Amino acid sequence: MSGTSDPKDLAAKVESGDLRFHELEEHADADTAAAARRLLVEAQSGASLDTVGDYGFPAEQADSAIENMIGAIQVPLGVVGPVEVNGAATSGETYLPLATTEGALLASVNRGCSVIDRAGGATARVTKSGMTRAPVFRVADVAEAEALVSWVRDNEAMLKEAAEETTNHGELLDVTPYVVGDNVYLRFRYDTKDAMGMNMATIATRAAADVVEAETAASLVALSGNLCSDKKPAAINAVEGRGRSVTADVLIPRDVVEERLHTTPEAIAEINTRKNLVGSAKAGGLGFNAHVANVVAAMFLATGQDAAQVVEGSNAITTAEVKDGNLYFSVSLASLEVGTVGGGTKLPTQAEGLDILGVRGGGDPAGANADALAECIATGALAGELSLLAALGSRHLSSAHESLGR
């Protein structure tokens with residue numbers, strides 16, 4: 001890198017055509033390049049970007065997270081809890097960090113956390129783990145498709161070797177074929193340890209796909225054939241899972257429901273059935289829940305997760321039933337894609353969000369920190385579901401939004 005340290009000089013060179021917008025880091029440090037871009041955008045748009053430009057970390061720390069940086073957006077960050085999380089990967093009282101602009105959200109989730117804590121805490125477990133990538137191959141006909149499926153089943157060890165040569169941490173768990181006419185989709189599933197693992201899975205699958213093309217008559221059409229399925233609503237993720245499948249539950253005594261939530265176990269169970277189950281089914285929904293996406297999105301922003309994967313993270317089912325007069329309540333997230341290393345987790349503010357939970361970086365054993373994060377998010381979602389259904393049962397939803405969220 002060489003050149004001026006004056007952002008005005010750099011902006012002038014871009015305007016004159018001597019430099020391109022995306023080449024600024026080649027001639028100045030990352031903060032100066034960002035300042036030059038801000039000047040150009042301000043001149044073009046008439047906007048003032050003083051607040052955007054007042055960020056609290058060196059811009060070079062975001063190099064792997066964004067291109068053409070001009071500054072940073074600040075989203076308010078709060079915490080709920082502490083709440084007792086009785087997980088396999090994490091255990092104890094913890095605050096949950098949530099970043100959002102939705103008033104009343106944290107107040108509601110915090111109420112749920114308080115009730116869960118009064119009931120002895122939430123139990124949470126990751127029940128399945130595996131990041132997927134599903135390339136689509138072209139074959140001549142159905143007979144050739146069947147031959148490819150047979151070859152894959154006989155040679156999974158060869159594909160595993162090729163895929164795992166590309167990574168120090170990833171492990172290929174299985175390959176599941178799907179045939180549609182002259183299309184063959186191979187859904188590769190990986191244990192990506194503490195990384196969310198989308199990049200890892202993509203690179204590894206590319207190597208395995210090369211082997212398929214070299215050893216069979218199939219031709220790779222696209223490295224992603226949408227059967228993965230990433231950042232889109234998909235029933236396959238609800239059934240087979242993607243990332244981490246995690247469930248949290250709690251048994252709440254009747255007196256706690258009545259005193260703290262101002263409703264009854266029977267009312268919450270009925271609302272859950274009629275709203276989350278029947279109503280969602282009538283709507284053709286994939287998520288049978290009240291607002292799991294709220295907590296998933298807020299904790300994703302707070303901990304540096306891929307925000308677009310809230311689509312899969314909200315693919316959840318909430319259950320409620322009366323057991324011996326008490327309320328059994330659960331939420332099961334089928335496809336929660338999270339990591340504690342790589343991507344946005346390296347940004348300083350998001351790393352601090354992970355520190356609140358005690359899960360920054362790689363865990364011991366590998367994957368433990370990402371499992372712990374999943375258990376914490378599931379517990380937050382459980383609290384959010386409980387509080388919202390209780391607000392509907394006590395008919396306090398609108399008044400809460402009037403006082404806190406307007």
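User: What should I know about the model before I start?

Analyst: The model is predicted, so local features need pLDDT of at least 70 and side-chain atom pairs count only at pLDDT 80 or more, while totals for chains, interfaces and linings use all residues. Residues are numbered from 1 along each chain as its sequence is written, and side-chain values use heavy atoms, with hydrogens and water left out.

User: How many helices and strands are in the chain?

Analyst: Helices (H or I, at least four residues) and strands (E, at least two) are DSSP runs, numbered from the N terminus. Here the chain has 14 helices and 10 strands. Its C-alpha trace spans about 70 × 65 × 40 Å along the principal axes.

User: Is R395 buried or exposed?

Analyst: Buried means under 20% relative accessible area, exposed means over 50%, and partly exposed is in between (1.4 Å probe, protein chains only). R395 has 74% relative accessibility, so R395 counts as exposed. You will find R395 in the loop between α13 (368-394) and α14 (397-404). For the chain of 406 residues, buried ones make up 49%.

User: And which residues have the most contacts inside the largest nonpolar core?

Analyst: A nonpolar core is a set of buried Ala, Val, Leu, Ile, Met, Phe, Trp, Tyr and Cys residues joined through side-chain atoms within 4.5 Å. The largest one has 53 residues, and L96, I268, F329, L333, L336 and L386 have the most contacts inside it. The element that gives the most to this core is α13, with 12 residues. Apart from this core lies another of 26 residues, among them F137, L159, A162 and L220.

User: What does T100 touch?

Analyst: Contact means heavy atoms within 4.5 Å. Leaving aside neighbours within four places in sequence, T100 is in contact with V75, P76, L105, L106 and A298. T100 lies in the loop between β2 (91-99) and α3 (105-118), and T100 counts as buried because its relative accessibility is 18%.

User: How do I read pockets and cavities?

Analyst: Rolling a probe the size of a water molecule over the atoms shows where empty space is left. On a 1 Å grid over the protein atoms alone, a cavity is a set of points where a 1.4 Å probe fits but cannot get out; a pocket is an open set with protein on both sides within 12 Å along at least five of seven lines, and lining residues have an atom within 4 Å of a point. Grid points are joined across faces, edges and corners, and a volume is the space filled by probe spheres set on the points. The largest pocket holds about 1400 Å³ of space. Its lining has 42 residues, and A65, G304, G344, L347 and Q350 are the closest to its centre. The element α12 gives the most to this lining, with 4 residues.

User: What is the volume of the largest cavity?

Analyst: The largest cavity has a volume of about 50 Å³. Its lining includes S129, Y190 and R244, and β3 gives the most to that lining, with 3 residues.
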